Number of protein chains: 2
Amino acid sequence: MTVTESASERLVRIGEVARGAGVSVRAVRYYEQQGLLVAERSPSGQRLYRQDTIARVRFFQQMYAAGLTSRRIAELLPRWNSGHTDAEQRAMLRAERDRIQAKVDDLQTALDRLDEVITITDTHP
Amino acid sequence: MTVTESASERLVRIGEVARGAGVSVRAVRYYEQQGLLVAERSPSGQRLYRQDTIARVRFFQQMYAAGLTSRRIAELLPRWNSGHTDAEQRAMLRAERDRIQAKVDDLQTALDRLDEVITITDTHP
DNA sequence: CCAAAACCTGACGTTGACGTCAGAGGCAAG
DNA sequence: CTTGCCTCTGACGTCAACGTCAGGTTTTGG
């Protein structure tokens with residue numbers, strides 16, 4: 001899935017990306033500012049994105065939800081853009097994975113505690 | 001588990017609570033300011049906590065990790081402190097539970113995507 | 001052709017959970 | 001008594017991911 005420079009992919013403006021991914025226009029500009037997105041520009045200066053940018057933004061949202069920062073995502077991005085690999089980055093990936101796994105486990109624990117309380121207060125009002 | 005006013009439980013100072021729960025002293029004071037903790041005071045004004053405060057703080061950390069705010073936790077606290085129940089609070093509990101469940105699912109998705117990338121870059125360096 | 005909608009660049013504001021610093025007491029050990 | 005660690009109350013600082021406002025240009029639909 002390395003970038004295929006097909007002759008003329010349909011490009012979309014920032015509003016469509018935002019709506020498509022369910023975020024604000026401001027957020028998309030912010031991602032670009034953080035180096036997560038790159039946009040072509042129309043002659044008048046408007047940003048033009050490839051359509052897969054929408055999926056990309058959705059992916060960012062997932063990573064944010066997983067507790068990654070923009071900086072961290074930017075550090076990991078080369079993984080998604082090229083086939084290139086280096087040991088340090090693989091270690092980073094695994095570290096993040098473990099962090100998220102731990103977080104999932106914690107959340108599951110919290111969920112269980114909430115369920116406890118719910119069943120108690122429901123059966124014993 | 002309603003509060004048992006046992007004659008003289010061993011009380012601990014803020015530093016012990018913090019170390020015990022793995023948070024900063026500042027954090028503990030913050031929790032008190034948000035109405036999550038109540039402390040007795042020694043004659044000289046130092047905060048004195050019951051030992052179960054440590055578990056309580058750990059629980060707060062879980063809830064924070066689950067995305068609850070201090071305010072939200074404070075609203076739900078009566079559940080843990082009394083046997084009293086009202087329908088609105090039960091609804092809140094269930095709402096939070098569902099939110100967390102959704103979050104867990106999202107995280108699991110993110111985790112799967114990371115795993116994909118990891119196996120790809122590992123088997124195909 | 002013209003108004004509404006969309007986009008642009010700054011740049012300051014917001015929110016939550018603390019960090020940090022200042023200045024002043026309090027407490028057990030030697 | 002004094003040294004060293006703990007605690008106190010303000011109060012300002014931080015960081016991330018945007019929100020929001022100002023003032024101006026561009027694109028689109030009727």
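Start by selecting E32(A) and R41(A): their side chains meet in a salt bridge, 3.7 Å from N to O. A salt bridge here is a side-chain nitrogen of Lys or Arg within 4 Å of a carboxyl oxygen of Asp or Glu. This is a predicted model, in which local features need pLDDT of at least 70 and side-chain atom pairs count only at pLDDT 80 or more, while totals for chains, interfaces and linings use all residues. Residues are numbered from 1 along each chain as its sequence is written, chains are lettered from A and ligands numbered from 1 in the order in which they are written, and side-chain values use heavy atoms, with hydrogens and water left out.

Stay on this pair and colour by accessibility. E32(A) counts as buried, at 19% relative accessibility, whereas R41(A) is partly exposed, at 44%. Buried means under 20% relative accessible area, exposed over 50%, and partly exposed in between (1.4 Å probe, protein chains only).

Next, select E16(A) and R10(A). Their side chains form a salt bridge of 3.1 Å, N to O. E16(A) is partly exposed at 34%, and R10(A) is partly exposed at 48%.

Then go to D52(A) and R50(A), where the N to O distance of the salt bridge is 2.5 Å. D52(A) has 37% relative accessibility and counts as partly exposed; R50(A), at 29%, is also partly exposed.

For a network, select R72(A), E75(A), E96(A) and R99(A), which are linked by salt bridges. Over all chains, the count comes to 18 salt bridges.

Now select Y30(A), in helix α2 (residues 25-33) of chain A. Helices (H or I, at least four residues) are DSSP runs, numbered from the N terminus. Y30(A) is partly exposed, with a relative accessible area of 34%. Leaving aside neighbours within four places in sequence, Y30(A) is in contact (heavy atoms within 4.5 Å) with Y64(A) and S70(A). Y30(A) and S70(A) are 40 residues apart in sequence and 9.7 Å apart in space, C-alpha to C-alpha.

Finally, move to chain B and show helix α1 (residues 14-21) and helix α2 (residues 25-33), which pack at an angle of about 105 degrees with their axes 8 Å apart. Axes are lines fitted to C-alpha atoms over the stretch in contact, and angles run from 0 to 180 degrees between N-to-C directions. The helices α1(B) and α2(B) are therefore roughly perpendicular to each other, a label for angles of 65 to 115 degrees. Select I14(B), G15(B), V17(B) and A18(B) of α1(B), then V25(B), V28(B) and R29(B) of α2(B), to show the contact.

Conventions: Helices (H or I, at least four residues) and strands (E, at least two) are DSSP runs, numbered from the N terminus. Angles under 35 degrees count as roughly parallel, over 145 as roughly antiparallel, 65 to 115 as roughly perpendicular and the rest as oblique.
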